[in-house]
Amino acid sequence: MLEKVDNAVSTVQEALKRSKLDPQSTTSTGVEGTRPTPSSEATTGEVGGTSDKKKKKKKKKNTNIKNITNFYPDNVYPEGQWMEYHQDFNLQRTTDAEKRYEARDKENATRWNDMRKGAEIHRRVRKNLQNKLKPDMSLMDVVDIVENATRKFTGVDENGEFAGQTKVQGIGFPTGVSLNNIAAHFTPNAGDKTVLRYEDVMKVDIGVHINGYIVDSAWTVAFDSKYDNLLEAVREATNTGVREAGIDVRLTDIGEAIQEVMESYEIELDGTTYGIKPCRNLCGHNIAPFRIHGGKSVPIVKNGDQTKMEEGEHFAIETFGTTGRGYVVPSGECSHYAKAQGSHPVPSLSRAKALLKTIDDNFGTLPFCRRYLDRIGEDKYLFGLNQLVKQGIVQDYPPLVDVAGSYTAQFEHTILLHPHKKEVVSKGEDY
Ligand code: HZT
Ligand code: MN
Ligand code: MN
């Protein structure tokens, strides 16, 4: 029998508890410490959601969602989870690098601190959503919760310190809320009435940027415990990718390790057993300032790519598992866009030219979605937007879907490859 819908919130929280790294797997692979302890406000205060005084008509103001500088007046943000490089060829590097580390790291200190600030905001934004998520909420409500909290924490909300200055800090990319066979890049466009159901499997993919340094991290929500094996497979596959990542590590080797773990799982759904497959044409990626894709792709299968990770790089390690074909195709109405890489022709139509100016002013090279154009007052822009896509000035990122009836899951973390150790900057108590 299905669990009652009333249990939905606790089901989510239990699912997230189940998502914690197995302590044994962490000791065996050299994880040193646990995650930073966020300041008490983050964990003890009720970050939204259910409260003691209930059933009041008036919505309770959430006083924990305000510019994050209020919680960190010294502007020093907590470090992520430190992890040793475990490959043999990195051992010498570790000793050598440690000596020079302090001096060199100072040059990067601002960058790391910006990343950690973005990560701390990410943890608080997702915690807030996790406390509020329930079946039968609309996906529009879900993305509004995420994005309004991100705006508040970064101070780009109406009355914030950086009101409207979305290129200084704020939302890093559109909030992905992809259901079931949709693996990635779904966010509602205006008028979308899609509702999250008890039986759905939702990938929540959230981006926060500080001065163009993007934290990209995602997890999967399922109210129904019948999907546990799918989620566990993908969580472990992503943890494997994070463990394998390192300076001078070949991308194909990371893909091979991820694939092996993912394919060791199966799931029985309504009497049928499915082997869990990686979605072989989805990848992790490096991240450059204001660019969600820095040019390297981290496969989730063995693909022969001999390219190596390098010192100082910043990667999103993400894996996708599926009960379907293991291959996604673009399908459905597009919501996600970003300026394309490289130099571009001048738009031929004046409407398109004006829209490009709006995109440059508000997003630069950060990804955006149609809702973000709506909220800054753009109207009837679709023809111009499609022109920009046709001319190669803007890249469209349509939803990526596996076969109908299949279920896909995703977990993703952002990592920093410091000279001596890596830092899983987006690591939280939840995943
Ligand atoms: C593109 C557009 C966005 C990057 C990965 C991803 C969500 O699939 C090289 C490897 C946001 C992100 C992206 F609006 N994509 N991470 N989180 N999507 S990707 C990609 O296009 S490019 C993977
Ligand atoms: Mn992502
Ligand atoms: Mn990503």
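Trainee: In this predicted model, how are the donor residues of the manganese ion (ligand 2) spaced in sequence?

Mentor: The protein donors of this manganese ion are two OD atoms of Asp205, one OD of Asp216 and an OE of Glu412, at 2.0 to 2.3 Å. Written in sequence order, these donor residues follow the spacing D-x10-D-x195-E.

Trainee: Which residue coordinates both the manganese ion (ligand 2) and the manganese ion (ligand 3)?

Mentor: The two manganese ions are 3.3 Å apart. Asp205 belongs to strand S4 (residues 201–210) and Asp216 to strand S5 (residues 213–222), so this pair ties together parts that are 11 residues apart in sequence. The residue that coordinates both ions is Asp216.

Trainee: Is Asp216 buried or exposed?

Mentor: A residue counts as buried when its relative accessible area is under 20%. Asp205, with 13%, is buried. For Asp216 the relative accessible area is 3%, and therefore Asp216 is buried.

Trainee: How many residues of strand S11 (residues 314–322) are buried?

Mentor: In a regular strand, side chains alternate between the two faces of the sheet. From S11, His314, Ala316, Glu318, Phe320 and Thr322 point one way, while Phe315, Ile317, Thr319 and Gly321 point the other way, and all are buried. The count of buried residues in S11 is thus 9 of 9.

Technical notes. Residues numbered from 1 in each chain as written. Chains lettered and ligands numbered in written order. Predicted model: local features only at pLDDT ≥ 70, side-chain atom pairs only at ≥ 80, totals over all residues. Heavy atoms only, no water. Donors = N, O, S within 2.8 Å, 3.2 Å for Na, K, Ca; no water. Helix = DSSP H or I, 4+ residues; strand = E, 2+ residues; numbered from the N terminus. Buried < 20%, exposed > 50% of the residue type's maximum accessible area, 1.4 Å probe, protein only.
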